[in-house]
Amino acid sequence: MSYNILKGKRGIIFGALDENSIAWKTALKVKEEGGSFTLTNAPIAMRMGKINELAKICNAEIIPADATSEQDLNNLFSKSVEILGGKLDFVLHSIGMSPNVRKDRPYGDLNYEWFLKTLDISGVSFHKVLQTAEKTDAMNEWGSIVALTYIAAQRTFPDYSDMAQAKAVLESIARSYGARFAKLKKVRVNTISQSPTKTTAGAGISGFDVFYDYAQMMSPLGNASADDCANYIVAMFSDFTRMVTMQNLMHDGGFSSTGITQDLIERLTK
Ligand code: NAI
């Protein structure tokens, strides 16, 4: 059901690779709620993914950009404002990648060049997005910028490896830039900490199925789905959340406030 709560709002959505991507589901919901946007992803992901299909459904233009390239981001923000016919009200940063995770390097044997790549792609890129939005003066007042994160920034999970450090950087950037952007333009900056979700990035973490099932048992409401996450992002883009900024918002069915659940006790006493 649509409430049209993003009617007339314009934005950019990063990170839709295929129909499982959180960004993909978000694009569909934003469209349904009356928003218009450009879609973007790394040039290499464009070749592997299905972003063209999504662009057709959403009647959106695609502008390739590697989120670590200031030049690409500059082009993306300038062109988006031009194509959409005005300044932006929302941006979704839905980007994560670790070469160390992808190549199964143990945490005690990390490749440091790859570690820096992980930090750049999954963490520092958020600063680059925010700084470009400011420098190109692309945001409207009361705009909303959201990035996706995971609770491994606060607590350790085996095999999340250097992505844990990247997410800690990402969440910290949301606080620091959030303070700056609020003062400058009343733009809001938040991270949403999402439950484990079956996507390409999610499934890339070894042992993912086990921590998906564990989180399911540890969350009184169960794991939040990608569709639920998309709804939450829409709410964060809307005018109903105007005073929320500099937050790391847990979207996890109660996982982060739970010590242990009856489900887990029963499972462990079997
Ligand atoms: P996904 O694999 O569909 O999306 C990740 C996206 O990052 C892809 O579209 C990929 O092309 C893009 N990307 C990688 N390198 C890039 C670069 N240099 N420039 C621009 N884009 C680049 O997976 P998912 O799960 O939808 O991931 C979206 C976000 O949600 C990520 O930040 C991820 O860490 C976060 N998240 C995912 C969870 C999960 O269990 N799937 C849980 C909590 C957070």
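## Exercises on a cavity and a ligand site

The largest cavity is lined by Tyr150, Ile151, Ser193, Gln194, Ser195, Pro196, Ala215, Met250, Asp252 and Phe255; on a 1 Å grid over the protein atoms alone, a cavity is a set of points where a 1.4 Å probe fits but cannot get out, and lining residues have an atom within 4 Å of a point. The model is predicted: local features need pLDDT of at least 70 and side-chain atom pairs 80 or more, while totals for chains, interfaces and linings use all residues. Residues are numbered from 1 along each chain as its sequence is written, and side-chain values use heavy atoms, without hydrogens and water.

**Exercise 1.** State how much space lies in the largest cavity and divide its lining by class.

*Solution.*
1. The search of the whole structure returns one cavity of 30 Å³ or more.
2. About 70 Å³ of space lies in the largest cavity, a volume being the space filled by probe spheres set on the grid points.
3. Its lining has six nonpolar residues, three polar and one charged; Gly counts as polar, and Asp, Glu, Lys and Arg as charged.

**Exercise 2.** Find backbone atoms in polar contact (N or O atoms within 3.5 Å) with the ligand, then state how much of the ligand is buried.

*Solution.*
1. Polar backbone atoms of glycine 15 and isoleucine 22 each lie 2.9 Å from a ligand oxygen atom.
2. For alanine 67, a backbone N or O atom is 2.9 Å from a ligand nitrogen atom.
3. Alone, the ligand exposes 820 Å², of which the protein buries 93% (Shrake-Rupley method, 1.4 Å probe).

Terms used. A polar contact is a pair of N or O atoms within 3.5 Å; within protein, one must be able to donate a hydrogen and the other to accept it, and residues adjacent in sequence count only if both atoms are side-chain atoms. On a 1 Å grid over the protein atoms alone, a cavity is a set of points where a 1.4 Å probe fits but cannot get out, and a pocket is an open set with protein on both sides within 12 Å along at least five of seven lines; lining residues have an atom within 4 Å of a point.
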